[in-house]
Amino acid sequence: MIKEYRGRKFNVLMEDIKKDFGDNFTLIEEKEVRKKPWIWMKEHQVKVKIIEEPFEKASKKQKLLDLLNQQDYQSRDGKEDYVQVKNIEQTMNNMLETMKTIQVGQQKTASYLGEEHERVLKEYYEKLIHSDVNETLAKKIISESRMRLSESQMSSHQDVEKEVLKSIASKVKVTDEGDLLRSNIIALIGPTGVGKTTTIAKLAGYFQTKEEKVGLITTDVYRIAAVDQLRIYAEILEAPFRSVREPEELKEVTLKMIEEYNLDRVLIDTVGRSPMDTQSIYDLQEYLDATDPDHIGLVLSSTQKNRDIEKILNNFQHIPLSSLFFTKLDETLQHGSMLNAVHGNDIPISYVTNGQNVPNDIFKASQDGVARKILNGVDDFGSSIVSTNINE
Ligand SMILES: Nc1nc2c(ncn2[C@@H]2O[C@H](COP(=O)(O)OP(=O)(O)OP(=O)(O)O)[C@@H](O)[C@H]2O)c(=O)[nH]1
Ligand SMILES: [Mg+2]
């Protein structure tokens, strides 16, 4: 049986399917479609093949048995008939057991990885799971790779790896090189402690290498150390710096600063918001509404758990996010969260950071780079977007 589901978020669709069918389904198609009649809105269309439960069949057989039993009691007029019916019952029970075993076997091979020649694919499936790629996505990546491989290629690690990387890369969305360069006012938001301020300083360094005039603003005025943190970076970079307390003040200060220093860019640092605290996200929205930045980057740490990232994306969904920044790639061995986060929503990854060095440890995200990081843990993002280090 094939079923079709539609909805805005891939993750939510998957949850709905799981609610309906548990794990008894295989994903056979996933695409983005326009939502009718609001054709400017996109949504995901997912087709799944439902694997029939052996027990459903068993219960049909049970009904048959019950019928037989009924007949047995109605028509039995001698011991011989009774024994015969009991024999039939026993035979059917044996058949049922055999059917169950066959069906479980079929399910295994139907879902893949049961066969010896698919041993290498299985290794890669496990690699993806170890990298924390969610199970449904990992299955999809392996199925896609398997479809593109001949039986002989399936036993070659090199061939399998090439296809798996290709499949991961095709699912990773990234911003183009010029995306941030086209934005004059850039704000970074996100949970506490993920590296927003550090990333702002790295970006400031990056723009300076392009001979641009950059201004820094923080709205994080409630913690003394927070203001000082960005102020010190601003001093080192010799960039103008302001702190603002109220949303209305932010717009005024931004415009004044641009005029006064003839700035090319303004980078706005914000207070870390717990994704569990929806009120604080509304407060943040007031600051963003006041300035209407050209680019709003949501900063996520690779060390965060998948479920927490899902929750963060869900709670920040009312904010028009332009891109995701993934920080602290150097602090974990599992990078599947980058794929889980971008798959199923339209927000691309713009930059990744892999260390505390300002401004060096920041790289432009690429589809291949993210795929290699997820599968093999290797840093393959080319060279840093900045080549000086103010910590040295
Ligand atoms: N290892 C590593 N540490 C990082 C990276 N980015 C930031 N950090 C460190 O993470 C810590 C927190 O960074 P901040 O920039 O203060 O984080 P924040 O999001 O501004 O924090 P709040 O303002 O408190 O919400 C600091 O010690 C940074 O040096 C990174 O890519 N790798
Ligand atoms: Mg900060």
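This is a predicted model: local features need pLDDT of at least 70, side-chain atom pairs count only at pLDDT 80 or more; totals for chains, interfaces and linings use all residues.
1. Some housekeeping first. Residues count from 1 along each chain as its sequence is written, while chains are lettered from A and ligands numbered from 1 in the order in which they are written. Local features need pLDDT of at least 70 and side-chain atom pairs count only at pLDDT 80 or more, with totals for chains, interfaces and linings using all residues, and side-chain values use heavy atoms, leaving out hydrogens and water.

2. Now the polar contacts, meaning pairs of N or O atoms within 3.5 Å. Oxygen atoms of ligand 1 lie 2.7 Å from a polar side-chain atom of Lys196, 3.0 Å from a side-chain N or O atom of Gln229 and 3.1 Å from a backbone N or O atom of Gly355. On its own, ligand 1 has 650 Å² of accessible area (Shrake-Rupley, 1.4 Å probe), and the protein covers 84% of that.

3. Elsewhere, take a look at Thr254 in helix H9, residues 247–261. Is it buried or exposed? Thr254 counts as buried because its relative accessibility is 1%, and the cut-off for buried is under 20% (1.4 Å probe, protein chains only).

4. Beyond neighbours within four places in sequence, Thr254 touches Ile185, Ile217, Val266, Ile268 and Thr291, where contact means heavy atoms within 4.5 Å.

Definitions and conventions
A polar contact is a pair of N or O atoms within 3.5 Å; within protein, one must be able to donate a hydrogen and the other to accept it, and residues adjacent in sequence count only if both atoms are side-chain atoms. Helices (H or I, at least four residues) and strands (E, at least two) are DSSP runs, numbered from the N terminus. Buried means under 20% relative accessible area, exposed over 50%, partly exposed in between (1.4 Å probe, protein chains only).
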